[in-house]
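Biologist: I would like to go through this one with you, asking at each step what a label rests on. Shall we look at it together?

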Amino acid sequence: MNIQKNKVIGIVCIILLLGTVMLSLMLGSYSMAPEEVIQTILGNGNKLQNFTIFQVRLPRITLAIIVASALGVSGGILQAITRNPLAEPGMIGINAGAALFVVLWISSGTTAYYSALSLSTIILMPVVAITGSLLSVLVICLLAYKKGIRPVRFLLTGVGVNAGITAIISFYQLNMSKGDYNQVLTWTNGSLWGSSWNYILLTFPLITILILLVLTRSKTLDVLGLGDELAFGLGVPVQKEMLFFLVCSALLSALATSVAGNIAFLGLLGPQIAKRMVGPVHRTMLPLAAGISAIILILADTAARNLFSPLEIPVGIVVSILGVPYFIYLMLKGK
Amino acid sequence: MKIRIRILTAVGVLLLFIGMIASIHIGAKNIPFNEVYHAIVQPDDSINAQLVRDIRLPRMLCAVLTGGMLALTGTMMQGVMRNPIAEPSVLGVTQGASLAVAISAVSPIIRSVYSNFFMALIGAFISGILILLFTMQRASNQSISRILLAGTAMSTFFLSLASVVALLGNRSQELAFWIAGGLRQAGWIQVFFLLIIGGFFSIAALLLSGKINLISLGDEAATGLGISPEKIKLYTILYLIPICGVCVATAGNIGFIGLFIPHIIRKLIGNDYRKLMPLSFLYGSIILVFADIAARIISAPYELPVGLFTACIGVPVFLLLVRKEKK
């Protein structure tokens, strides 16, 4: 019965995802009819259509799916290990750490913006971002460590570290040239601008491996969600497992941040909606969370491209505008 | 305790006085003390006198007033929420005001100093009401982690909306100055607004301090003593919203003053809000006056954001408080 229901939900989710992908392929500064899109994908498009679909829109959408899956799973993990439904990688300093390092890197002037990105830049950017986010996780862990890491203390310390890092970022932003500044602003708010197949080649394998790794150990995650004492009683080495999942979550959000910037609230929305639909078992919940996050991000990105066209606003902002009302609803809703 | 309070007050007044004088004296052009004295007592038309009258003096007064008021709002919030980490900038109230100011700065119709104040008040009001609703919804929402996450989410939201506004209006870097906080725009109009609106509500809040004392003991104790905790909470939040609004309209988003000042003062004199609130005001003023001086001289001729200095002190205190928290 339950499995049946989950299957239906899964299929609906996939159909919705395909629908949004189609919508996103159609809309833009060069609009296409559905038949044209299908013809182009089947290989019968003209030069303009081929370029639009294969070089501009498809990489962007693919990247959106990858990034959203990573953030959704990352948020789901965090909510499980901190046992707090409001936890999210964007709010507890993980994304901010990545952002800080990228800002430092941009302000040190090693990238050429507005031009074609060289391959070394594409490889270096994620490395820089991952270093930053892991460092910030390390700092949070160190500061929160007091005879083991308690989830609540971890969260609160994360919020504090987030505030500190944000202050440092805004300090650096003030000293930048306008071009650098706008690049950083777009980046700190999250954007899929300039997506290319190279980004996908780099992030796709890593993120897939991480998500699969988490899924194979999702039983442990279920147990961790029950509480430290209970988990310990069931023979789970709590601290060790928590650290493992924390690192996975940080890596996932760092990878996502490295290519798409700091997209807040996505790691909150996906898992929350998924949990409401299929319950708290992570084996089914996490993939669904990834799918829902992807749908949200593609829709948000389509809106970000088209709403103020030809101006593009950072997609992270659209996600927050979508996400915050839901968040406020979560806050205000009585249990 | 009494002696401690007296010493603290005396030292505070002295420090504030030194800070005020120094703030007028130090700057891109150092003005000798005797000329400062002259410019205030018998103003003439010399450049130094004009500098003092039109730039240094209002700026110093703005620093004194916003610093004090921000510290005061933090103290009030901590009292009624019984939560050592509650503070307008942590809970998103000042960010709400910042968003409103960004909107007013970009839109061509409502762009003036007065509209800045008006918009900041509306912004602070909306975000303040949201936080109020959230904490009153149910008791568990007063737990530190829930309030904090809610506040962080709200500030993220308001700031990202402000970025959209600024990007669309092509004034993004100006917005960064707003968010970082600073007293560049301080003039006599700002002093006037701070005094009228901020002053009125600050005094109203100070009159409430006895009741905040009772609330900080716990809702049951307060009810037992015949006052309605919900009502006092409502009044306190309603008073601190306009104070936050004028502060943000004057100085942008200066964070953490309301967090660490009351915390330190509380360590020294205990939990009596009748003394805690005025002393927090005093020391908030001192910190902001000196932070503003530092912001002006450290990398002169450029100005650093004042919010950076307050964050430098605030974040460690915040982390310390979190570490000590048992649950």
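Modeller: Gladly. Let me start with A:D222, which touches A:V281 and A:H282 once residues up to four places away in sequence are left out. Please keep in mind that this is a predicted model.

Biologist: What makes A:V281 and A:H282 count as residues that A:D222 touches?

Modeller: Two residues are in contact if their C-beta atoms, placed from the backbone, lie within 7 Å. A:V281 and A:H282 are listed as touching A:D222 under that rule.

Biologist: And where does A:D222 lie?

Modeller: A:D222 is in helix 9 of chain A, residues 218–224. For another distance, take A:A294, 72 residues away along the chain: its C-alpha atom and that of A:D222 are separated by 23 Å.

Biologist: Why is A:D222 called partly exposed?

Modeller: A:D222 has 16 C-beta neighbours inside 10 Å. A residue needs 20 or more to be buried and 12 or fewer to be exposed, so with its 16 neighbours A:D222 falls in between and counts as partly exposed.

Biologist: How much of each chain counts as buried by that rule?

Modeller: In chain A, 50% of the 335 residues count as buried. For chain B, the value is 54% of 327 residues.

Biologist: How do you know that the radius of gyration of chain A agrees with a compact globule?

Modeller: The rule takes 2.2 Å times the number of residues to the power 0.38. For 335 residues that gives a value near 20 Å, and chain A has 20 Å, so the two agree. The C-alpha trace of chain A spans about 65 × 55 × 35 Å along its principal axes.

Biologist: What about chain B, with its 327 residues?

Modeller: A compact globule of 327 residues would again be near 20 Å, and chain B has 20 Å, which agrees. Its C-alpha trace spans about 65 × 55 × 35 Å along the principal axes.

Biologist: How many of the contacts in chain A join residues at least 24 apart?

Modeller: Among contacts in chain A between residues at least 6 apart in sequence, the share is 78%. In chain B, residues 24 or more positions apart also account for 78% of the contacts with a separation of 6 or more.

Biologist: Finally, how confident is the predictor in chain A and in chain B?

Modeller: On a scale from 0 to 100, chain A has a mean pLDDT of 80, with 91% of its residues at 70 or more. Chain B averages 82, and 94% of its residues score at least 70. Among the elements of chain A, helix 7 (residues 178–189) has the lowest mean, 70, and helix 13 (residues 282–306) the highest, 89. The model as a whole scores ipTM 0.75 and pTM 0.80.

Terms used:
Residues are numbered from 1 along each chain as its sequence is written. Chains are lettered from A and ligands numbered from 1 in the order in which they are written. This is a predicted model: local features need pLDDT of at least 70, side-chain atom pairs count only at pLDDT 80 or more; totals for chains, interfaces and linings use all residues. Helices (H or I, at least four residues) and strands (E, at least two) are DSSP runs, numbered from the N terminus.
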